[in-house]
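Hi everyone, thanks for coming. I'd like to walk you through some interfaces today, so let me put the structure up.

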Amino acid sequence: MASGPVVETPTLAAGQTGLRRRVSAAFTTIRSARPAVVFLFSLLSGIIVSAFVIVFSVPASRSAWGGLFSHPAKTFSANADTLASAYGALLTGAFGSPGLFSTAITHASVANWAAAIKPFGSTLTAAVPLAIAGLGLSIAYRSGVFSIGAQSQLICGAVLASWVGFSLPTLPMVPHVALGLVAALIGGALAALVPAILKARTGASEVIVTIMLNYIMGGVLIYLISDTFFSQQVNTSPEGRLTLPSAMLPLLFGNNIPIDAGVIVAAVVLLGGWLLLGRSRLGFEFELQGTSPGASRIAGVRQKRTFVMAFLVSGAVVGLGGGVEILGSVHQLQSTFGGDIGVLAITVAFVGRNRPLGIMLAALLYGVLQTGGLQMQGQAGVSYQLSNVIEAVIVLFMTAPALVAEIYRLRPLANSSLRSLNMSRGWGR
Amino acid sequence: MNPDAPELDQREPLVELRAISKRYGNVLANDDVSVSFRAGEIHVIVGENGAGKSTLMGILSGAVTPDSGAIAIDGAEIHLRGSRDATLHGIGMVHQHFQLVSVFTVAENTALGFEHKKRFKTLDLDASKFEVRRVSEEFGLALDADAVVGTLPVGLQQRVEIVKILMRDPRILIFDEPTAVLTAEESDKLLAVLRRLRDDGRAIVFITHKLREALAVGDRITVLRRGQVVGRADPKSATTESLGAMMVGRNLRVVERAPSESVAAEARETVISVRELSYAARTPTGASVDSLTFDVARGEVLGIVGVDGNGQDELTGLLAGELKPDAGTIALLGRDMAGRDVRTFLEAGVGIIPADRQRHGLAMSMSLARNLILDRRHEPRFLRAGGLLLDDRAITANAEETITRFDVRAGGPGVPVSSLSGGNQQKIVIARELERDIALLIASQPTRGLDVGSIEYVHSRIVEVAERGCAVVLVTSELDEALALSDRIAPIYEGRIVGVQQRPFDREQLGLMIGGG
């Protein structure tokens, strides 16, 4: 481009080709099987597949299919209406409605802004424990520890945090909250200690041990909140005692906006995870052991010690997620605590490819689907369960990157294989 | 050797590759390559890693489609649409990495893809077994048709692969680096099989970068370099030196230690002292080590040479602290190391070049820069924040320096080591170990799978480190390597050192000792 004859209309020509080059570069990026691109196309596929599920689950649009041949336009408009209202509700439920935002802008007041931001606050609050627990699990997965034990670690963290939370009424807020979070860290680490020691000492598979521990801790939790000093003993159904106000994570933007200090905890955890896994010597040893056990042995990594260490750090972080959930949003132990977050955290770690940034985005996506799903049920009459279907479909596409690459004709990257999406090693060997 | 040899050139070629070109990205893997293969002739193709041998054979075996050029059989051009097509045209290939299902029996493996059917299309395994027996008897390749392939040693697995190809009665057989995985004894047997197949009137294409083998078995040699044919050689007149020079495009320096250096060694300080070291095999495939005793002094190279599986891996594991001996002692610079772990051995000044560099020497998915600090991660120069965080700037600077100083061909400090060639990967391992402050270097099969240029490089580094005053234990299955580099050679057979030789070495006798004689 720089050579002789083109100089006559330099700005125009350069501008055009520059734009064209940029467009074609962008297009090349979009057509390559980068993790982010695969993720976006998985999301798109999930939305498309879910559209069919939604259309057939809502009576109005389902019955419209009966007139497909007599009134095709009516059929399509009825279906389009259903989809627009469902996905519209999903978005407004998760991010807030444009109407409330414009009211907040035109009639600026604290109450109006609070109403506008509230849905997104709920989304963030739902994402917080997932991000923390997901990051905790990613530490294990990158170290070659295949832990399924998020549920047990969440419960242990939550139980200790709750204990601190409903005791110590004289303690001021800052030390009380801090003590509660430290208790959560210890609880999670304790729950991880059992499978870690069993694996290091006897070689027992951490997969099986953690799954069993999940059942055990689920039972212990119900016992604690039914028959011990943890129990509130007001209702007939088992419930834990309420966290004292001094131990609750404070709301950051006043009482009307449900964004608590858990967001800060999550941000610190994500940042800390990035430092640990990407920059620290300990994280280097974790990752070395996870990706190349043979080379780590020859490089003098003390394998059992490192395995136990990675398991404990992972468990502590997951336990912190349980503590944040108790002190931040639910404020008391319940019989089903930890079950859903424990499972979702695994998929969050997986969808986020065990990277802190990816985990943050994946946790937000799940937050969006959860809060938006509620609104979808209330406003568009789509069952809440369907948001779980959407989640599942997206994850399904994520687990088959080769499928996504095939459907959308993505070019494989020169230097990375689709295989690298695999979550972790550690089954059996 | 071959009675027809004088009139070879007059005969029409059986298969011709005409002006083949193939491009991958901006690498021209084959650049206008023309070669012809004649029946009753072993045609050796030599070249360094990345010279285009495998691409060329991929094209001949139908697995790769050339960008331009043609394949002709008996003068008629053919188009191959896949490896099955090639099989039907009488082209068979014995791959370097066996194409076998390890849980299937020999008969099942050989039948795969060309199954005999009974009525109602059920599998006729008896027919396959009969075929296996017929072929293995005809060519003297004894095999048990009912043996499960995974339980067979590597040499027999290769035999299964060969029998499988022979059952399709090919006119041209391609062997892609077949001796790379074999012991010396197995290699000799294989070369005898090649001669027999040649005398049977088939065209044999033999890919290798072992020049001695090329000269021993070839009737004709073609040398590839950077995708082009750079020369043809007559095995009767060519030497390993002339072939090596053709392969790498320059004269190779033969690395050999001067005998004078070894004389003085006795007066020097002992670095490692091993006494009655024993270790019993823990797994059915593992080997034992039986009361080994030796010393290595500063500046001395002890060559431990033997056929794979005679306890070398166990010995290096013991010397690195990876395995705990059942009995015996190891003293490093006078310090008793019994029961210590790898980390303590590393800190005591042991450098390790593992035999399996991809599994034990490198973290393949990690960057070149990080791989250069695998066992140096505790050194303060690579750490900051009180030793908690890695100092990525220092790590990158170290990598850049190593890339320049060791002439590593790589895209930069940040690329994963998996993107490097085998020779460059080994350079990373060696650079890392030599940069550390070591008193003892354990080099296990340091040149396995490397091309001649890289071998020269590795050898000169080992000599250099010994001259610097380091003790070296060189564990190798290549007798020539041990002969060139060692001050003393200790042949190992079934876990025992069968007798130590000083310079000048008796090559014949060492060969016998390695074989247990």
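Between domain 1 and domain 3 of chain B, about 810 Å² is buried, with 49% of it on carbon and sulfur atoms. Please keep in mind that this is a predicted model. In chain B, domain 1 covers 13-90 + 171-250, and domain 3 runs over 269-514. Each of these two domains brings 10 residues to the contact, and their centres, taken over C-alpha atoms, lie 34 Å apart.

What holds charge to charge here? There is one salt bridge across this domain interface: B:Arg212 meets B:Asp480, with N to O at 3.0 Å. On the domain 1 side, helix H7 (211-217) and helix H8 (240-248) of chain B each give two or more residues. By class, that side has three nonpolar, three polar and four charged residues.

Now let's move to the two chains. Here 20 residues of chain A are in contact with 31 residues of chain B, and the buried area is about 2100 Å², 56% of it from carbon and sulfur atoms. In chain A, the residues losing the most area to chain B are A:Arg281, A:Phe284 and A:Ile298, together 34% of what that side buries.

How many salt bridges link chain A and chain B? The count is four, and one pairs B:Asp392 with A:Arg279, the closest N and O atoms being 3.6 Å apart. We also find nine residue pairs in polar contact between the chains.

Which element gives the largest share of chain A's side? That's H11(A), with six residues. By class, chain A's side has seven nonpolar, seven polar and six charged residues.

Key
Residues numbered from 1 in each chain as written. Chains lettered and ligands numbered in written order. Predicted model: local features only at pLDDT ≥ 70, side-chain atom pairs only at ≥ 80, totals over all residues. Heavy atoms only, no water. Domains from an automatic or database assignment. Contact = heavy atoms within 4.5 Å. Buried area = accessible area lost by both parts, 1.4 Å probe. Salt bridge = Lys/Arg side-chain N within 4 Å of Asp/Glu carboxyl O. Helix = DSSP H or I, 4+ residues; strand = E, 2+ residues; numbered from the N terminus. Nonpolar A, V, L, I, M, F, W, Y, C, P; charged D, E, K, R; others polar. Polar contact = N/O pair within 3.5 Å; in protein donor to acceptor, adjacent residues only side chain to side chain.
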